[in-house]
Amino acid sequence: MQYSSKRAVKSSIIYFVMIVLTLVAVVPIWIMLINATRSTEEINAGLALVPTGHAWQQTVYNLHTLTNRGFKIWRGFLNSAIISFGTTILCVYFSTLTAYGIYVYHFKGKKFLWGLVMFLIMLPGTLSFIGFYQFMALLGLTGNWKGFIPLTIPSIASAATVMFIHQYMESILSLELIEAARIDGAGEFFTFNRIVLPIMQPAMATQAIFAFVGSWNNFMTPSVIITNEDYATLPMLVQKLRGDIYRTEFGGIYLGIAISLIPIIIFYAIMSRYIIAGITMGSVKE
């Protein structure tokens, strides 16, 4: 009886902490969505947790304010989608391929290569930012659509993703499975693409979420590389809403931020299915 009561207390504490953390994560997003349906005067009047009776009309007005003042929302969506999906695909696939090569093959310099990966993780990215921009400018890959190239291709070399997937391989990928595929006559790329990748789905989905969110929310690098507004990403356009011409349209600003979060939520919902499916598959042992 005493054990049951202690267990009930622990469960209650756990549920309480989970509820608090959920509220901390959800409430700011909810307030942002509510403010996207309010006028500037209503937002300045105070906090609100429920939409007003004219929420739909005000949302349409806020959207009209955005689109009529040079906010090219759909163009920004397209530019951000091209960069984010390109970055995610290149980052996850080639990082998994690199981690696979380090984990499966034995070659001279393997320890040095792994140490280099660890060193790159600890190295702040801002240290090489100026040199990176100068190199891209020297190649003529700045200003217009060519700026998409330095925003996507360098994502192939993601040290943090390589380390995460390598650690996941060590815990779940059996070398006997690779040897069996080789004995059956499977080529190296066939083994990687048809055998290894399905096993690595949970890790790849996790890193895909991080890569997509990081690329979609990236403001600093695109704002330096891309100077033509026609190729500006959505975070760049949202940042411009804070200019003088928009300083009183807080409802429009909140609406622009809310719209920019929609792809992130959709992408996370899709990728989380693969994470859950992989965990469920890994829990079944023969």
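Buried means under 20% relative accessible area, exposed means over 50%, and partly exposed lies in between (1.4 Å probe, protein chains only). This is a predicted model, in which local features need pLDDT of at least 70 and side-chain atom pairs count only at pLDDT 80 or more, while totals for chains, interfaces and linings use all residues. Residues are numbered from 1 along each chain as its sequence is written, and side-chain values use heavy atoms, with hydrogens and water left out.

**Exercise 1. A residue in a loop**

Task: Find where Phe219 lies, classify its accessibility and list its contacts.

Solution. 
Step 1. Helices (H or I, at least four residues) and strands (E, at least two) are DSSP runs, numbered from the N terminus. Phe219 sits in the loop between α11 and α12 (220–225).
Step 2. The relative accessible area of Phe219 is 33%, so this residue is partly exposed.
Step 3. Contact means heavy atoms within 4.5 Å. Leaving aside neighbours within four places in sequence, Phe219 is in contact with Pro235, Met236 and Gln239.
Step 4. Now try a distance: the C-alpha atoms of Phe219 and Val238 are separated by 9.8 Å, and the two residues are 19 residues apart along the chain.

**Exercise 2. Aromatic pairs**

Task: How many aromatic pairs are there, and how is the pair of Tyr93 and Phe192 arranged?

Solution. 
Step 1. Start with the rule: rings of Phe, Tyr and Trp (its six-membered ring) pair if their centres lie within 6.5 Å; planes under 30 degrees apart count as stacked, over 60 as edge-to-face and the rest as tilted.
Step 2. This rule gives 11 aromatic pairs.
Step 3. For Tyr93 and Phe192, the distance is 5.7 Å centre to centre and the planes are 75° apart, which makes the pair edge-to-face.
Step 4. Tyr93 lies in helix α4 (residues 73–104) and Phe192 in helix α10 (residues 188–199), so the pair ties together parts that are 99 residues apart in sequence.
Step 5. Tyr93 is partly exposed at 25% relative accessible area, whereas Phe192 is buried at 1%.
Step 6. Tyr100 and Tyr105 also form an edge-to-face pair, with 6.0 Å centre to centre and 85° between the planes. Tyr100 is buried at 2%, while Tyr105 is partly exposed at 31%.
Step 7. Ring pairs also build a cluster, made of Trp74, Phe77, Phe85, Phe212, Trp216 and Phe267.

**Exercise 3. The nonpolar cores**

Task: Which residues touch the most other members of the largest nonpolar core, and which element gives the largest share?

Solution. 
Step 1. A nonpolar core is a set of buried Ala, Val, Leu, Ile, Met, Phe, Trp, Tyr and Cys residues joined through side-chain atoms within 4.5 Å.
Step 2. The largest core has 42 residues, and those touching the most other members are Phe71, Tyr100, Met169, Leu173, Val196, Met200 and Leu234.
Step 3. Two or more residues come from each of α4, α8 (159–172), α10, α11 (201–216), α13 (234–240) and α14 (250–282). The largest share, 8 residues, comes from α4.
Step 4. Apart from this core lies another, of 8 residues, including Ile83, Leu141, Phe148 and Tyr231.
Step 5. A general point to remember: in soluble globular proteins, nonpolar side chains tend to be buried together.

**Exercise 4. Two crossing helices**

Task: What is the arrangement of α4 and α9, and which residues meet there?

Solution. 
Step 1. Axes are lines fitted to C-alpha atoms, for helices over the stretch in contact, and angles run from 0 to 180 degrees between N-to-C directions.
Step 2. The axes of α4 and helix α9 (residues 175–183) come within 11 Å and cross at roughly 95°.
Step 3. Angles under 35 degrees count as roughly parallel, over 145 as roughly antiparallel, 65 to 115 as roughly perpendicular and the rest as oblique. Therefore α4 and α9 are roughly perpendicular to each other.
Step 4. Tyr100, Tyr103 and Val104 in α4 meet Leu175, Ile178 and Arg182 in α9.
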